[in-house]
Amino acid sequence: MKQFLSLPSPRALTLEFAWFGPENVPADAPTLVFLHEGLGCIALWRDFPQALCERLQCRGFAYSRFAYGASTPRPHDEPFPADYLEREALEGLPAVLGAMGIERPWLIGHSDGGTIALLAAADDPECARYPGIVVIAPHYWVEEVCIEGIERARVAYEQGELRARLAKYHRDVDSAFYGWCHVWLDPARRDWNIEASLKNVACPTLAIQGVQDEYATLDQIEAIQRNAPQTRLMKVDDCGHFPFLTRSEAVIDAIAAFVRESR
C-alpha cells in the first residue's frame, strides 16, 4: 500500500514514501534515507533498502521525488530547472525530512541521488544534519561517456522497450523521462561541475562505482576522495551503473561495515 506525504507548494505536491527495516530496532540505530537515480523511484530500489536495513538492524526511508514513481508528475510544459539537483539537496530533501520528523539521517544516494547526497553534505560542513553519506555512481561533472549513455537511453525510450519498462513504475513516464533527459542533453549542461562543493564534504563518505559504468569513468568517485580525503572508495569490477543491484551482497557488506565503523 502506497503512502504519501504532502508538502507546501503552489501545486499541492504529494510524494510517495516507504519505510524499510525490522519493526524493532535499537534506540541508537541510525536512520538511512535512500535517494534514487534520475529515472528511479522507490520501487526501482528493489530489495536493496530492506536488505541493508536488516543487516544494520536500523530503519530506512525512501521517497520518490517530484515527477517520479507515484508522486506528483511534472507538467509537460514545465522543464526541470538546470539546478534541479542543487534544489533537491538544499530545499526538497530538507522539506521531506522535516515533514517526516527524520533527524540526522545517513544518506544513501544512487546516480542523481548520489549527487544530491554530496550537495547536501557539502551544505553541512559541521556534519550537524548528516553524519555520513554513501554515494553510488554519483556525478560531479558531465563526461562525454555520460552524454553518450543518455543518448542511447533516449533512443531506447523512443524506439525500443525502455518506455514500456519504465511505465510500470512511473505515474507519468514521459514526465519522468524527458524531465531528466532534456536537462542532461542540453548543450548548456556541458559546463555543469560541482567540484568546488566537494571540498566542503566533511562527513564520513563511501563512494562506490562499477568499473564498467555506462555513464561515467572512475574519475567521478576519485575526485570526491581528492577533494574530501576522508572518503573511502569501492570500485566494483565487472559491474556497470547499478552495483547495488548487480553486486548487491558485496555492496551491502561494504556499506554495513562503513556505517558501523564510522558511527
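I started at Leu-93 and listed its contacts, leaving aside neighbours within four places in sequence: Val-33, Leu-35, Tyr-63, Glu-88, Leu-107, Ala-120 and Tyr-130. I note here that the model is predicted.

Next I looked up the nonpolar cores. The largest one holds 65 residues. Leu-93 is among the residues with the most contacts inside this core, together with Leu-107, Phe-177, Trp-180 and Trp-184. In soluble globular proteins, nonpolar side chains tend to be buried together.

Ile-136 took me to strand β6, residues 133-136. Are the faces of β6 buried or exposed? I found both faces covered: Ile-133 and Val-135 are buried on one side, and Val-134 and Ile-136 are buried on the other.

I then checked what pairs with β6. Strand β5, residues 106-110, runs parallel to β6 and is joined to it by 4 bridges. Within this pairing, I noted Ile-136 of β6 as the bridge partner of His-110. Strand β7, residues 205-210, also pairs with β6 in the parallel sense, over 4 bridges. There, Val-134 has Leu-206 in β7 as its bridge partner.

Terms used: Residues numbered from 1 in each chain as written. Predicted model: local features only at pLDDT ≥ 70, side-chain atom pairs only at ≥ 80, totals over all residues. Heavy atoms only, no water. Buried < 20%, exposed > 50% of the residue type's maximum accessible area, 1.4 Å probe, protein only. Helix = DSSP H or I, 4+ residues; strand = E, 2+ residues; numbered from the N terminus. Pairing = 2+ DSSP bridges. Core = buried A, V, L, I, M, F, W, Y, C linked by side-chain atoms within 4.5 Å. Contact = heavy atoms within 4.5 Å.
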